[in-house]
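Here are my notes for a colleague opening this entry for the first time. Please keep the structure in view while reading.

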Amino acid sequence: EHMSKGGNMSDFDGETGAGEHQSRDWAQSERESFRRHYPTGEHPRSAPSQARGDDADFQEFFRTSSSSRSQHSARGCQSRHEARRWLAQAASDLAVVSEHVDHDEPKNNAQACFAAQQVVEKALKATHYVTARGITAAERTSHDVVALAALLATEGGCEDLEQHARVVSRYYIPTRYPDAAAGVQCPFENFSSDAAGRALAAARHIVETVGDYIRARL
């Protein structure tokens, strides 16, 4: 992707041999970093330096640090992939909510409100995958959309997500379980078309907002 935007290989290197020169500079930088961290010349995982020598210890340091960078890059690719998947599912669910609110008869407003909450939850989780802090195991399984949105408040373009998340935050349980409904009514009797419409509008805003945020980082 970077190559297609930046031009051909000679453009990327600047001139013939520049890439090789940069690689030598990078290796030298790694060697200096090794010496700063291990002034005695011995890597903590290696055999004693008397037996292996300074260069052998550096090679061990170089190998482990390169492996760490490779693992970090792999995690970044996986996070971007997960962000795409969660956002795609949120967008698909949003289309179902929209169809139900705008066209279905008779309407089940409780189910529309619950589905809108699920759209918001998935869209917010998609966003967490591409932030610098990432997403924790607890956040991956959380249904608290207000908390998920609040954690994104400092991300550019995501400042208003929390107020829209609050619109659907109470729809995770009361929209489905009779013992969570007020009075003697069932959930399908408790939610109005206006409530479903507001839930849809909030979900649509969040999907559009985080969609722009995520695509800018893929």
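**Notes on the model**

1. Start with Leu152. Its relative accessible area is 0%, under the 20% cut-off, so Leu152 is buried. The residue sits in the loop between helix H8 (145-150) and H9. Leaving out residues up to four places away in sequence, Leu152 touches Leu124, Thr127, His128, Thr131, Cys158 and Leu161. Take His128 from that list. Leu152 and His128 are 24 residues apart in sequence, and their C-alpha atoms lie 7.6 Å apart in space.

2. A caution on confidence. This is a predicted model. The average pLDDT of the chain is 80. A score of at least 70 is reached by 65% of the residues. Two stretches need care. Over residues 1-16, pLDDT stays under 50. The model gives that stretch nine contacts beyond four places in sequence. Over residues 45-51, pLDDT again stays under 50. There the model has 13 contacts beyond four places in sequence. Where pLDDT is low, the predicted coordinates should not be read in detail.

3. The overall make-up. What secondary structure does the chain have? It has eleven helices and zero strands. Read from the N terminus, the elements run α-α-α-α-α-α-α-α-α-α-α. The chain has 218 residues, and 37% of them are buried. Its accessible surface comes to about 12800 Å². Carbon and sulfur atoms account for 51% of that surface. Now consider contacts between residues at least 6 apart in sequence. Of these, 61% join residues at least 24 apart.

4. H6 against H9. Two packed helices are described by the angle between their axes and the distance between the axes. Helix H6 covers residues 109-129, and helix H9 covers residues 161-168. Their axes come within 9 Å and cross at roughly 145°. The crossing is left-handed. H6 brings Ala116, Gln117, Val120 and Leu124 to the contact. H9 brings Leu161, Ala165 and Val168. By class, the contact has six nonpolar residues, one polar and no charged ones.

5. H9 against H11. Helix H11 spans residues 193-215. H9 and H11 pack at an angle of about 145°, with their axes 8 Å apart. H9 passes H11 in a left-handed crossing. From H9, the contact uses Leu161, His164, Ala165, Val167 and Val168. From H11, it uses Arg198, Ala199, Ala202, His205, Ile206, Thr209 and Val210. The classes here are eight nonpolar, three polar and one charged.

6. Tyr213, in H11. Is Tyr213 buried or exposed? Its relative accessible area is 5%, so Tyr213 is buried. Helix H11 holds this residue. Beyond four places in sequence, Tyr213 touches Thr127, Val130, Thr131, Glu155, Gly156 and Cys158. Val130 is 83 residues from Tyr213 along the chain, yet their C-alpha atoms are separated by 9.0 Å. Look back at Leu152 here. Its contacts include Thr127, Thr131 and Cys158, and Tyr213 touches these residues too.

7. Ser98, in H5. Helix H5 runs over residues 54-102, and Ser98 is found in it. Why does Ser98 count as buried? Its relative accessibility is 17%, and buried means under 20%. Outside its sequence neighbours up to four places away, Ser98 touches His103, Leu200 and Arg204.

8. Two further residues of H5. Ala91 lies in helix H5. It is partly exposed, because its relative accessible area is 37%. Ala91 and Glu208 are 117 residues apart along the chain, and their C-alpha atoms are separated by 9.0 Å. Ser79 also lies in H5. At 23% relative accessibility, Ser79 counts as partly exposed.

Key
Residues numbered from 1 in each chain as written. Predicted model: local features only at pLDDT ≥ 70, side-chain atom pairs only at ≥ 80, totals over all residues. Heavy atoms only, no water. pLDDT = per-residue confidence, 0-100. Contact = heavy atoms within 4.5 Å. Axes fitted to C-alpha atoms, helices over the stretch in contact; angles between N-to-C directions. Helix = DSSP H or I, 4+ residues; strand = E, 2+ residues; numbered from the N terminus. Left-handed = near helix turned anticlockwise from the far one by under 90°. Nonpolar A, V, L, I, M, F, W, Y, C, P; charged D, E, K, R; others polar. Buried < 20%, exposed > 50% of the residue type's maximum accessible area, 1.4 Å probe, protein only. Areas by Shrake-Rupley, 256 points an atom, 1.4 Å probe, with all protein chains shown as cover.
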